[in-house]
Amino acid sequence: MSEELGIRAATAADAGAVDTVIRAAFAGTDFGHQGEAELVRMIEADGDALVSLVAERSGDIVGHVLFSRMDVEADGEAVAAAGLAPVSVAPDRQGRGVGTALIRAGLAVLHEQGVAMSFVLGHEDYYPRFGYSAEFATRFVSPFSGPHFMAMMLDSAAEWPQGGRADYAPAFGRLG
């Protein structure tokens, strides 16, 4: 019997459980740099969190996703944009669609908020399923430019900008 996965906005009361999930998710991997839990706390303290969601199963938090405010200019205009980082799933729940559900729910909330674009620094085989494109991101100057830097328009019918600049929230630069 499978237990239902619930996704909801993270609350201040979830901070300890979210921290535990993030640390566990990144502890045994080559991805990330082990500062993801601190990054989440800094982004939230700075007021730069746009969407913070948790996944619950049987009352336990088994996943978390954070989208933070970015400073983006596209074709000479300021654009509302969000950076996806990090997405974390408890090791015993990985590979079961928890991360996918969190990302899709987060993108839907961003779209409702009127955010136009999202960027991610991540695995090139995973994030394109959500609409992220490395090719699209090459149009933007960013400290994170490279093959793992991807971007997407949240409105799939929107015209893609020809170029610009994309800067993550200040907390990313302060992370050692």
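Modeller: Gladly! Strands (E, at least two residues) and helices (H or I, at least four) are DSSP runs, numbered from the N terminus. Serine 118 lies in such a run, strand β5 (residues 117–121). This is a predicted model, where local features need pLDDT of at least 70 and side-chain atom pairs count only at pLDDT 80 or more, while totals for chains, interfaces and linings use all residues. Residues are numbered from 1 along each chain as its sequence is written, and side-chain values use heavy atoms, leaving out hydrogens and water.

Colleague: Why is serine 118 called buried?

Modeller: Buried means under 20% relative accessible area, exposed over 50%, partly exposed in between (1.4 Å probe, protein chains only). Serine 118 has 0%, so it is buried.

Colleague: What makes the link between the side chains of serine 118 and tyrosine 132 a polar contact?

Modeller: A polar contact is a pair of N or O atoms within 3.5 Å; within protein, one must be able to donate a hydrogen and the other to accept it, and residues adjacent in sequence count only if both atoms are side-chain atoms. Here the distance is 2.6 Å.

Colleague: How do you know that the buried residues of helix α3 (residues 98–112) line one face?

Modeller: Those residues are Val98, Gly99, Leu102, Ile103, Gly106, Leu107 and Leu110. Seen down the axis, they fall within an arc of 160° (taken from the directions from the helix axis to the C-beta atoms), so they line one face of α3.

Colleague: And what follows α3?

Modeller: Glycine 114, with a positive phi near 85°.
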